[in-house]
Structures are given as C-alpha cells and as structure tokens.
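I opened this entry to keep track of what I looked up, in the order in which I looked it up. The structure comes first, and my notes come after it.

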Amino acid sequence: MYPKTIRKLIEIFSKFPGIGQKTATRFVFYLLKQKKEDIEEFSKFLKDLKEKVKFCKFCFKPFEGEKQLCEICQNPARDLTKICIVEKEQDLEAIENAQIFNGLYFVLGGPISSISKEELEKLRVKELFERIKSPEKFGVFGNFKEIILALNPTVTGEAISIYLEKKLKKLGKKITRLGKGLPSGGELEYADEETLKSAFEGRK
Ligand SMILES: [Zn+2]
C-alpha cells in the first residue's frame with residue numbers, strides 16, 4: 001500500500017473533473033519527482049487561488065486586484081447597453097479572446113446536469129435580475145437595452161435559454177440568442193473564433 005500522503009493526494013486528484021484513479025496516481029508520482037522549489041511554487045499558486053482570486057461584484061468573472069469589479073466591468077470603453085449571459089467563466093474567456101463583443105457579461109454559473117428545480121437553483125438567476133434591473137447597485141452604470149443569451153448549444157443550455165427568455169421577457173428589453181452555426185451539443189469554449197463570430201453576428 002502507498003504511504004498515507006500519496007494515498008491522500010491520489011484521492012484529491014481523483015475528484016478532479018475527468019480524472020480517474022490511474023491518472024491521479026500518475027500526477028502524484030510526477031509531483032514526487034519534481035524539485036522542492038517547483039513544489040513550493042505549485043503550493044503557493046494553489047494558496048493564491050483562494051487568497052488572491054476573487055469574483056467580480058457585477059459579472060462574477062474571476063480576477064485579481066484591489067477593486068470590486070473585474071477589468072471588463074471597470075473599462076469605460078465597454079458598451080453598457082449590452083449584456084451577454086454565459087454559463088461558465090471559460091465561455092466568457094472564449095468570447096473575449098475572439099474579440100467579437102464589447103458589452104458586459106454575466107456568468108450564470110454551472111454547469112448543471114438538468115433543469116430540475118434543485119439544479120436551476122444553482123444558477124445565479126436572482127443575481128442576474130438584480131444586475132439587469134439596478135446595475136448601479138453593483139458599481140456599473142449601465143442601461144441595458146439588449147440581453148444576449150449565449151448559453152451552450154447543449155440540451156441543458158437550450159432549456160436554460162428558454163427558461164430565462166420567459167422570465168426576462170417581463171423586463172421589456174430586447175432579448176437575442178446566438179445564431180446557428182455553433183456545433184450542436186458542443187460548448188462555446190471549444191468553438192473556433194470564426195464560428196463564434198458568425199454566431200454573434202447572426203444573433204436574433
Ligand atoms: Zn465584471
């Protein structure tokens with residue numbers, strides 16, 4: 001049997017998304033072979049992940065710094081009449097990297113496995129409404145005229161879009177969804193820039 005520390009680390013890595021027992025074991029033995037300084041650096045960044053990284057008060061994007069708002073929400077050059085709703089941080093990152101959108105975002109949270117009541121409660125729906133209605137309460141002086149639903153083209157993503165569209169209608173704002181072209185069942189974070197661009201331009 002492996003020593004306790006090794007066993008414990010294998011157990012921790014096995015909980016990572018998509019990582020099984022075998023890969024977890026390989027990670028631990030890989031670390032065991034590294035230099036002490038490298039392991040210290042690794043532990044430092046792990047610690048910083050919880051100590052330095054915080055979530056934007058408005059959009060929930062992770063960022064580092066003294067302020068309450070992320071660099072996007074703080075940027076005066078952004079278009080404060082548009083807000084784009086994404087499921088996860090990685091989707092926001094993909095849209096930003098493609099440089100196709102200049103408004104603000106909102107990270108809904110997730111992924112969720114179904115649209116049952118309990119799963120839906122894991123999403124920041126209440127927070128979303130508060131921010132669209134009174135962005136100034138969260139430090140953003142926006143006046144949103146268009147709400148873009150940029151959820152993943154998966155079964156759950158589609159269902160969340162329909163659910164949100166129904167609820168958001170009451171706010172009397174223009175609601176758009178990304179155009180066709182994104183691979184069905186895929187995720188925004190894996191879409192190439194051209195595909196993302198045409199999905200954004202084709203929104204309706
Ligand atoms: Zn933000």
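I am working with a predicted model, in which local features need pLDDT of at least 70, side-chain atom pairs count only at pLDDT 80 or more, and totals for chains, interfaces and linings use all residues. Residues are numbered from 1 along each chain as its sequence is written, and side-chain values use heavy atoms, with hydrogens and water left out.

**Helices H1 and H2.** I take helices (H or I, at least four residues) and strands (E, at least two) as DSSP runs numbered from the N terminus. I looked up how helix H1 (residues 4-14) packs on helix H2 (residues 21-32), and found an angle of about 130° with the axes 8 Å apart. The axes are lines fitted to C-alpha atoms, for helices over the stretch in contact, and angles run from 0 to 180 degrees between N-to-C directions. H1 and H2 are therefore oblique to each other, given that under 35 degrees counts as roughly parallel, over 145 as roughly antiparallel, 65 to 115 as roughly perpendicular and the rest as oblique. For the contact (heavy atoms within 4.5 Å), I noted that Ile-6, Leu-9, Ile-10, Phe-13 and Ser-14 in H1 meet residues of H2, including Ala-24, Phe-27, Val-28 and Leu-31.

**Helix H5.** Which residues of H5 are buried? With buried meaning under 20% relative accessible area, exposed over 50% and partly exposed in between (1.4 Å probe, protein chains only), I listed Asp-91, Leu-92, Ala-94 and Ile-95. These buried residues fall within an arc of 160° seen down the axis of H5, so they line one face of the helix; the arc is that of the directions from the helix axis to the C-beta atoms. Their cover includes helix H4 (71-74), strand S3 (82-86), S4 and helix H9 (193-201).

**Helix H7.** In helix H7 (residues 125-133), I found Val-125, Leu-128, Phe-129, Arg-131 and Ile-132 buried. They cover an arc of only 165° around the axis, which puts them on the same side of H7. Lys-126 and Lys-133 are exposed on the other side.

**Two loop residues.** Most residues other than glycine have a negative phi. I noted Gln-99, with a positive phi of about 50°, in the loop between helix H5 (89-97) and strand S4 (104-107). Phe-60 likewise has a positive phi, near 70°, and sits in the loop between strand S1 (53-55) and strand S2 (62-64). Phe-60 counts as buried at 15% relative accessibility, whereas Gln-99 counts as exposed at 72%.
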